[in-house]
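Morning, everyone. I have one structure to go through, and I will keep it short.

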Amino acid sequence: METFGARLHRAMAERGPLCVGVDPHPSLLAAWGLRDDPDGLATFCGTVVEAIGDRCAIVKPQSAFFERHGSRGIASLESTIRQFKDAGALVLLDVKRGDIGSTVRAYADAYLDPSSPLYVDAITASPYLGVGSLAPMFETAAAHGGGVFVLALTSNPEGPYVQHAVAADGRTVAQAVIDEISQLNRGAEPLGSFGLVVGATVGVTGHDLSGVGGPMLAPGLGAQGGTPDDLRRVFSGNVSAVLPSYSREVLKHGPDTAALRAAVERVQADCRVVLSGAAG
């Protein structure tokens with residue numbers, strides 16, 4: 001069984017290091033001339049799949065924007081996941097789940113077990129009940145070739161209050177998360193299956209990301225103010241596994257499929273230049 005890290009490594013080499021977030025905000029649906037209802041949602045997602053499904057290494061649907069439409073929204077999410085997979089893209093579901101015991105195992109079964117209709121390649125997770133509480137997710141992911149991206153240094157202004165807090169051993173909370181994920185990836189080649197979420201706008205924080213061994217998702221680019229140049233500052237020389245993530249910066253160009261494709265190619269090229277330069 002091929003690991004998620006190996007699949008992602010190959011996809012990034014073939015399609016480029018880019019993640020596109022599929023975030024059907026009400027304002028975005030309106031800008032596309034669509035109703036904010038399940039039918040509008042389905043039309044939106046079908047267009048996005050047609051335009052970029054064969055061009056991105058990985059896509060990141062935000063579950064909340066589907067959940068707000070109830071059962072038909074979840075049905076649309078299931079369909080969107082299938083369509084992206086059929087187009088050859090990996091699917092990272094942005095759910096940011098975190099809990100303990102049987103509940104976190106149920107989340108793992110919902111998203112990382114191939115028998116589930118919501119089965120995806122990877123999910124985002126919150127470690128703030130302790131990284132160890134996510135063990136059932138890590139175990140299920142490993143058993144089925146999946147991945148988990150754990151929040152570490154987020155771009156929201158409230159994040160540092162918790163993430164930069166210093167524990168008894170002298171490490172920040174974020175560094176402890178980074179170190180635990182690094183341990184999970186130890187020895188994995190060519191890329192570990194357990195990643196981190198590190199916002200593109202966090203700047204130089206002094207955290208050590210050099211030993212992660214897995215992918216690092218960098219949201220916050222485009223509409224949230226981040227630029228490809230920010231990746232140099234945040235990730236320094238450790239850029240080979242960075243996965244820049246754009247959403248509205250790309251999706252605002254719809255519903256024209258050619259314009260959506262052009263937007264993907266443009267941000268892809270910008271990121272390639274910066275990451276290649278930083279790597280050198």
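I count a residue as buried when its relative accessible area is under 20%, exposed when over 50%, and partly exposed in between, with a 1.4 Å probe and protein chains only. On that basis, 53% of the 280 residues are buried.

What you see is a predicted model, where local features need pLDDT of at least 70 and side-chain atom pairs count only at pLDDT 80 or more, while totals for chains, interfaces and linings use all residues. Residues are numbered from 1 along each chain as its sequence is written, and side-chain values use heavy atoms, without hydrogens or water.

The protein has 12 helices and 8 strands, taken as DSSP runs numbered from the N terminus: H or I of at least four residues for helices, E of at least two for strands. Along the principal axes, the C-alpha atoms fill a box of roughly 55 × 45 × 40 Å.

Now the interior. A nonpolar core here is a set of buried Ala, Val, Leu, Ile, Met, Phe, Trp, Tyr and Cys residues joined through side-chain atoms within 4.5 Å. The largest one has 67 residues, and Phe44, Ile52, Phe84, Met137, Val148, Leu196 and Phe235 touch the most other members. Helix H3, residues 38-52, gives the largest share of this core, with 7 residues. A second, separate core has 17 residues, among them Leu8, Met12, Val197 and Leu217.

Back to Phe235: leaving out residues up to four places away in sequence, Phe235 touches Val198, Leu209, Met216, Ala218 and Val242, contact meaning heavy atoms within 4.5 Å. Of the contacts in the protein with a separation of 6 or more, 73% join residues 24 or more positions apart.
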